[in-house]
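I opened the model to look up a few backbone features and the relation between the copies. My entries follow.

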2 protein chains.
Amino acid sequence: MSASAPQPPAAIELWFDFSSVYSYLSVMRIETIAQSCGVRVQWKPFLLGPIFKTFGWTTSPFLLQPQKGAYMWRDVERQCGKYGLPWRRPRDFPVRTLLATRVALLAADEPWAGRFCRRIMRMIFAEERNVDAPEAVGEALGELTADAAALLAAARLEEAKGRLREQTEAARASGVFGAPTFFVGREMFWGNDRLEDALAFATRAAG
Amino acid sequence: MSASAPQPPAAIELWFDFSSVYSYLSVMRIETIAQSCGVRVQWKPFLLGPIFKTFGWTTSPFLLQPQKGAYMWRDVERQCGKYGLPWRRPRDFPVRTLLATRVALLAADEPWAGRFCRRIMRMIFAEERNVDAPEAVGEALGELTADAAALLAAARLEEAKGRLREQTEAARASGVFGAPTFFVGREMFWGNDRLEDALAFATRAAG
């Protein structure tokens with residue numbers, strides 16, 4: 001159609017957990033592909049742990065099911081090869097990511113949110129860094145913002161903790177059961193393998 | 001490389017359960033794609049139920065986790081649209097498929113094994129037929145073999161039941177925890193989303 005009214009830009013929500021291995025793949029890939037099809041990314045960090053607890057799980061399903069865990073490590077290595085992403089298996093799993101997650105939530109609407117999230121993910125899954133430490137998170141914030149210290153301080157306040165709890169509850173209430181999860185409007189797509197489908201849906205939905 | 005010694009044809013094993021929704025997608029898709037890249041398909045029907053029991057699960061994870069189940073039905077509908085496959089959600093789930101599975105195992109090396117498996121899958125996921133009934137399985141065997149009656153009779157013997165138990169135990173021992181699962185040699189790929197990766201691996205492995 002030509003000469004139609006201007007449409008609002010298509011948007012895709014990426015709900016992710018920094019300690020989720022398949023979230024790593026999507027966080028690293030989404031912005032480049034989304035930009036190439038004119039879709040805006042909305043960054044939605046949350047915590048899988050409290051959602052797993054509602055299923056009666058005490059930890060990652062990759063630990064509760066050793067066969068699935070063993071497969072996952074091999075699979076993600078192959079997927080990183082396919083996508084050209086760096087990869088080094090974290091020594092400890094699940095990884096502690098609370099501070100980085102609170103900072104990511106506070107900064108989610110910043111134009112540099114994607115760059116920050118990719119830096120954190122690279123620290124976790126390629127550099128074996130501890131992103132629950134203020135030094136590492138401060139380094140990831142680097143030259144992205146002049147307010148790194150203020151942001152780190154804000155991330156430790158009760159308000160930031162409450163916001164992350166609310167964000168996680170919003171994920172659960174929307175039917176999120178794993179990560180990464182994409183939403184295009186109310187349409188939900190689960191897993192890095194659905195990134196392209198979700199973006200195609202966003203492009204079609206925007207007409 | 002030219003003038004190299006002839007290689008044995010590349011092969012891919014498809015381990016599937018007739019009552020597995022994502023197995024439906026792979027059973028319907030695999031032979032066409034595999035043929036186009038010169039890879040031979042080996043049909044490996046088995047039962048997920050006994051493997052789920054070893055995880056302490058009493059039924060399908062899609063029933064144990066209602067959020068995941070609700071998502072799965074929407075996802076598979078979208079995937080069928082993407083692949084151009086017929087789809088009608090079965091009224092009862094999980095579906096009873098024991099007789100069809102035993103017949104598929106007895107016929108797994110027949111040149112018409114793929115056609116039989118696709119017919120059964122179509123009955124389950126597009127036509128709401130009961131494939132635990134001899135009439136339906138006999139109809140699926142149709143003109144594929146002159147021995148339909150003998151095959152149906154053999155499928156009810158203790159030997160056929162034992163073979164399916166052994167096949168399922170072989171799956172478990174190989175690390176299979178879900179379906180579909182592909183093996184190329186000892187390399188394992190889980191899920192319909194990995195079909196193309198597994199075939200690419202088979203093609204590379206065959207040189």
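**Cis bonds, loops and symmetry**

I began with chain B, where Pro94(B) sits in the loop between α4 (66-83) and α5 (98-106); helices here are DSSP runs of H or I with at least four residues, strands are runs of E with at least two, and both are numbered from the N terminus. The peptide bond from Phe93(B) to Pro94(B) is cis, with omega near -5°.

I noted the conventions next. This is a predicted model, in which local features need pLDDT of at least 70, side-chain atom pairs count only at pLDDT 80 or more, and totals for chains, interfaces and linings use all residues. Residues are numbered from 1 along each chain as its sequence is written, chains are lettered from A and ligands numbered from 1 in the order in which they are written, and side-chain values use heavy atoms, with hydrogens and water left out.

I then turned to chain A. Its peptide bond from Phe93(A) to Pro94(A) is cis, with omega near 0°. Pro94(A) lies in the loop between α4 (66-83) and α5 (98-106) of that chain. I recorded these bonds because most peptide bonds are trans, just as most residues other than glycine have a negative phi.

On phi, I looked up Glu128(A), which is not a glycine and yet has a positive phi of about 50°. I found Glu128(A) in the loop between α6 (113-126) and α7 (134-141) of chain A. Glu128(A) is partly exposed, with a relative accessible area of 28%; buried means under 20%, exposed over 50%, and partly exposed in between, using a 1.4 Å probe and protein chains only. In chain B, Glu128(B) also has a positive phi of about 50° and is in the loop between α6 (113-126) and α7 (134-141).

What joins β3 (residues 181-184) to β4 (residues 187-190) in chain A? Four bridges do, and the strands run antiparallel; two strands pair if DSSP finds at least two bridges between them. Val184(A) has Glu187(A) in β4(A) as its bridge partner. The hairpin has two residues between the strands, and Gly185(A) there takes a positive phi near 60°.

Last, I checked the copies. Chain A can be laid on chain B by a turn of 180° and a shift of 0.0 Å along the axis, with an RMSD of 0.0 Å; the superposition is by least squares on the C-alpha atoms of residues with pLDDT of at least 70 in both. The two copies are thus related as by a two-fold rotation axis. The same surface serves both: 100% of the contact residues of chain A recur in chain B, contact meaning heavy atoms within 4.5 Å. Of the residues of chain A, Asp193(A) comes closest to the rotation axis, with its C-alpha at 3.4 Å.
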